[in-house]
Amino acid sequence: MKQHRSRQEPRRMGNSAMVITMLLSLCVLTFIKARYCTTPYPNKPAPLLEVEIDDDYDGSRYKISGPIGEEEFDPSRPTCYNTSKRSERCAAVGDIRVDGNHSKIYISPLDKEWRTKPYARLHDQVAMDDVREFALLPFGVSNATTVPPLCTRNHSVPAFLFSSGGFAGNLYHDYTDVLVPLFTSTHHFGGEVQFLLADIKDWWLDKFTPFFRHLSNYDVIDVDNDQEVHCFPRIVIGSTFHRAMGIDATRSPGGETVADFKRLLRRAFHLKRDVASREKPRLLIISRKSSRRFLNERAMAHAAALAQFDVRIAEPDNHTDMPNFARLVNSADVMMGVHGAGLTNMVFLPSRAVLVQVVPFGGLEWLSRVTFKDPAKDMDVTYMEYNVSLEESSLKDLYPKDHFYLQHPYDVHKKGWDAIKTVYLDKQSVTLNLTKFARTLEHARSLLP
């Protein structure tokens, strides 16, 4: 028995030594991680979050879940990818440090350096030239040499970075390129998201602050001028575009629709009217100062009053008080205007109101369809068109009757957008035929509930 015990003793001592070695290694690794691999929240348990990938991407392959900073990084998952022809999205989970003043975002883990512009108009180089580019820089991995700055402000909610550059400032592009995609991409957070806004215009932010306050529980951060290094457990950069002023509910993270978007606007701007009415209907004429003006606006207003409409004329611009103007639009039953950004205010119309788009001469029906006709249906707004004849157009006074621009507008279209805009949008105003106008109003009245 003594010999048997003596043969087992070295093996027991060897096992004990192995256990002691493993414990010492674990302690050393723990010390190294605590000293050199700090996370923004060392004293808090890591919350469970999920990286969400758009439905038109291979979500089953790239979806990862688990505690922030603890899940295994999948090197095959692209950090940045196109969510449509017009939009790119970058998403990351881990140790994320945003140095917006220098347009740098430090991410661990990250496979390589990426660059992105967070504005949903990728196909338009002119617009994208006016959008700030951000560099996504890896750190904390074997092949990374970047030394990230220390966190000066920690956040426990995800960050969402977007831009108000590009064509923002034009109301149509405000909604098509920025606000609707932003709603689609962030509403499912339930307010627990921190907005980081690039290319900020103070007047623009003030204009839409009521909207932002209903999407996020936190004040928007001016990421260009902020001097802090903001640290987050998760970040999404760039909104997802579905269609002009529209949402595909099957692709939105929370199944959101345009109806949901309008409900949020109603709450944000305190809009009271739910449904339009044909009883004492109000007509709102959207006026313009420069091109595409109504040259007989006063006569139109008089004719509408004779037709028993309560008439209002308004001319919104970049400095219009948005809450007050939203309430004016919401008070209307019929809104009418020549094709232009002002018609975007249809987002504030009550359900079943009528939008009358006056389409300038020049074969622009396709443009009117894409910009306002198609979105109107999703917004529960009845759409009508008033097509301007050559006799109603100021172009007849600029060119002889047999001029190429007047006789062959579709051939002008072949020359591209600049030609279309110069000839048929920038140089044209209209004088509506009052008899035709009166018939249009009666038709609009008949469509009201």
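Modeller: Let's start with C231, which is buried: its relative accessible area is 0%, where buried means under 20%, exposed over 50% and partly exposed in between, using a 1.4 Å probe and protein chains only. Bear in mind that this is a predicted model, where local features need pLDDT of at least 70 and side-chain atom pairs count only at pLDDT 80 or more, while totals for chains, interfaces and linings use all residues. Residues are numbered from 1 along each chain as its sequence is written, and side-chain values use heavy atoms, with hydrogens and water left out.

The partner of C231 is C151, and the two form a disulfide with sulfur atoms 1.9 Å apart; a disulfide here is a pair of cysteine sulfur atoms within 2.5 Å. C151 sits in the loop between β7 (134-138) and β8 (153-154), while C231 belongs to strand β12 (residues 230-237), so the bond ties together parts that are 80 residues apart in sequence. Those strand labels come from DSSP runs (E, at least two residues), numbered from the N terminus. C151 is partly exposed, with a relative accessible area of 27%, whereas C231 is buried at 0%. As for handedness, the torsion about the S-S bond of C151 and C231 is about -100°, so this disulfide is left-handed.

Now for the other pair. C80 and C90 form a disulfide too, and their sulfur atoms lie 2.0 Å apart. C80 is in strand β3 (residues 80-82) and C90 is in strand β4 (residues 88-99), so the pair links parts that are 10 residues apart in sequence. C80 is buried, with a relative accessible area of 7%, and C90 is buried as well, at 1%. Its S-S torsion with C80 is about 115°, so the C80 and C90 disulfide is right-handed.

The C80 and C90 bond is right-handed because its torsion is about 115°, while the C151 and C231 bond is left-handed because its torsion is about -100°. C80 is buried at 7% and C90 is buried at 1%, but C151 is partly exposed at 27%.

How many disulfides does that make? By this rule the count is two. And if you number the bonded cysteines of the chain in sequence order, the pairing reads 1-2, 3-4.

Terms used. Helix = DSSP H or I, 4+ residues; strand = E, 2+ residues; numbered from the N terminus.
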